[in-house]
Amino acid sequence: MAGTGVFSEILDGDVYKYYAEGEWKRSSSGKSVAIINPTTRKTQYKVQACTQEEVNMVMETAKSAQKSWAKTPLWRRAEFLHKAAAILKEHKAPIAECLVKEIAKPAKDSVTEVVRSGDLVSYCAEEGVRILGEGKFLVSDSFPGNERNKYCLTSKIPIGVVLAIPPFNYPVNLAVSKIAPALIAGNSIVLKPPTQGAVAALHMVNCFHLAGFPRGLISCVTGRGSEIGDFLTMHPGVNCISFTGGDTGIAISKKAGMVPLQMELGGKDACIVLEDADLDLVAANVIKGGFSYSGQRCTAVKVILVMESVADALVEKVKARVAKLTVGPPEENCDITPVVSESSSNYIEGLVKDAKQKGATFCQEYRREGNLIWPLLLDNVRPDMRIAWEEPFGPVLPVIRISSVEEGIHHCNASNFGLQGCVFTRDINKAMLISDAMETGTVQINSAPARGPDHFPFQGIKDSGIGSQGITNSINMMTKVKTTVINLPTPSYTMG
């Protein structure tokens with residue numbers, strides 16, 4: 001059970017503590033932030049409302065702890081991470097319980113997220129030992145006009161204090177995808193979890209605490225974004241920001257100054273379907289890509305761009321599969337569960353009403369009860385409808401019929417987003433040409449968009465983000481290159 005057993009230390013009455021200096025603490029503010037259960041729409045948990053003074057304290061201890069951690073042998077850092085991964089997987093049940101109650105993620109998917117997170121931490125430890133254990137040796141005579149009288153040694157060194165801000169939909173997995181690379185690289189970490197998902201994140205942090213990491217190396221502050229959000233992202237003690245979320249990331253990027261940024265900010269992932277596509281394969285991937293976790297995924301299929309000649313057949317196949325989706329509470333492992341908040345539900349409903357007013361074809365009756373929205377396929381969507389461009393982050397999927405491949409590529413590229421896309425065709429030559437033409441960070445061929453496996457590069461362009469994620473890319477991003485040049489008195493040639 002959440003907040004019991006090895007997790008009892010993190011709970012104070014009915015309010016979860018924050019983590020700093022290797023201890024679980026109560027905020028001096030005396031205030032808390034309520035976390036609403038999306039299913040019941042009642043308060044499920046409470047977390048501390050940390051103050052700016054507490055953030056200052058966390059930053060100071062993070063800076064001090066990082067300097068000692070950077071001197072810890074690389075193999076030893078990896079040992080700590082392996083231990084944390086094992087503890088995380090051992091205690092998957094109570095963490096998954098939090099995910100079910102905080103973000104209405106189906107129970108089986110919640111367990112999968114925790115196990116996947118443990119695997120990510122272990123893989124990161126191994127990859128970090130390989131990447132950081134190697135350097136480069138350069139000689140000067142490879143550049144014109146130089147003799148071989150300079151030897152250049154390069155290595156990767158820690159960047160300092162990393163601020164990690166994960167989103168509500170993967171508050172554990174996308175937290176450890178930032179924490180593990182930072183730690184193996186010799187950095188300290190300050191985690192600001194999302195409000196919805198904060199308690200799952202706190203349980204995850206306790207697994208790192210139980211692994212015995214040095215005091216102050218890992219911190220987790222909770223609270224209102226209006227009080228500590230900008231204060232954190234603009235704090236002079238922060239040396240790197242890794243953020244996953246929405247438009248807030250654009251605001252952060254404008255305020256962060258000379259701080260390296262790693263950001264993934266959402267998408268409007270297009271699915272282009274050609275005449276020769278395997279429509280059963282398309283339909284299966286549209287259901288998986290568009291409706292899993294109620295469409296609350298950055299890499300969800302957000303718009304289908306299908307050739308007119310096969311549109312009727314595809315829509316019928318998708319409709320048949322939508323009819324089989326189960327709808328209800330996450331505890332029952334339903335396919336469609338409540339979206340995260342009432343404001344999200346209202347936003348999705350606004351997109352649906354706009355589409356109805358402008359003449360979209362409703363393949364199912366629109367139905368909503370509280371935060372629970374039944375899956376909806378909208379056919380004959382046109383570019384003048386909001387749903388054609390805006391990201392619903394819910395179980396509503398628009399279909400736009402196209403007369404040419406060029407029309408589909410144009411719609412994809414006209415979007416402000418550029419995270420992922422996919423193309424379905426039996427012709428690999430066409431697939432490659434379309435992939436090259438799509439302005440997205442990743443293109444999946446004959447599969448729905450996906451972030452994983454977690455060691456694959458993951459990046460967006462345009463409003464979808466800055467930099468690239470994935471274990472290797474994150475480790476590299478959270479380090480700096482250090483160069484030492486040896487100047488020889490005379491040119492030297494090996495065995496010359």
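Arginine 41 sits in the loop between β5 (32-36) and β6 (43-48), with helices (H or I, at least four residues) and strands (E, at least two) taken as DSSP runs numbered from the N terminus. Its phi is near 60 degrees, a positive value in a residue other than glycine. This is a predicted model, so local features need pLDDT of at least 70 and side-chain atom pairs count only at pLDDT 80 or more, while totals for chains, interfaces and linings use all residues. Residues are numbered from 1 along each chain as its sequence is written, and side-chain values use heavy atoms, leaving out hydrogens and water.

- Most residues other than glycine have a negative phi, and most peptide bonds are trans.
- Arginine 41 is partly exposed because its relative accessible area is 42%; buried means under 20%, exposed over 50%, and partly exposed in between, using a 1.4 Å probe and protein chains only.
- Asparagine 333 is another non-glycine with a positive phi, about 55 degrees. You'll find asparagine 333 in the loop between α10 (308-322) and α11, where it is partly exposed at 29% relative accessibility.
- Glycine 452 and proline 453 are joined by a cis peptide bond, with omega about -5 degrees. Proline 453 belongs to the loop between β23 (442-445) and β24 (458-459).

**The annotated site and domain**

- An unreviewed UniProt entry puts its "active site" annotation on Glu264; UniProt positions follow the numbering used here, feature names are shortened, and annotations may be inferred rather than shown by experiment.
- Glutamate 264 is part of strand β13 (residues 261-264) and counts as buried because its relative accessibility is 3%.
- Beyond its neighbours within four places in sequence, glutamate 264 has contacts (heavy atoms within 4.5 Å) that include Phe243, Thr244, Cys298, Phe458 and Gln469. Ser464 and Gly465 are also among the contacts of glutamate 264.
- The unreviewed UniProt entry also gives "domain: Aldehyde dehydrogenase" for residues 24-483. That span is 40% helix and 21% strand, and its end C-alpha atoms lie 40 Å apart.

- Aspartate 463 is in the loop between β25 (461-462) and β26 (465-466), and a relative accessible area of 35% makes it partly exposed.
- Aspartate 463 and leucine 265 are 198 residues apart in sequence, yet their C-alpha atoms are 6.7 Å apart in space. Leaving out neighbours within four places in sequence, aspartate 463 touches Ile250, Leu265, Asn416 and Phe417.
- Aspartate 354 lies in helix α11 (residues 342-357) and is buried at 11% relative accessibility.
- The side chain of aspartate 354 reaches the backbone nitrogen of arginine 386 at 3.0 Å. Setting aside neighbours within four places in sequence, aspartate 354 is in contact with Met385 and Arg386.

**A nonpolar surface patch**

- Phe137, Leu153 and Ile486 form a nonpolar patch on the surface, together giving about 260 Å² of accessible area, from the Shrake-Rupley method with a 1.4 Å probe and, for residues, only the protein chains shown as cover.
- Patches are made of residues with over 30% relative accessible area and no salt bridge, joining like charges within 9 Å and nonpolar side chains (Val, Leu, Ile, Met, Phe, Trp, Tyr) within 5 Å. A salt bridge is a side-chain nitrogen of Lys or Arg within 4 Å of a carboxyl oxygen of Asp or Glu.
- Isoleucine 486 lies in strand β28 (residues 479-487) and is partly exposed, at 36% relative accessibility.

How values were computed. A polar contact is a pair of N or O atoms within 3.5 Å; within protein, one must be able to donate a hydrogen and the other to accept it, and residues adjacent in sequence count only if both atoms are side-chain atoms.
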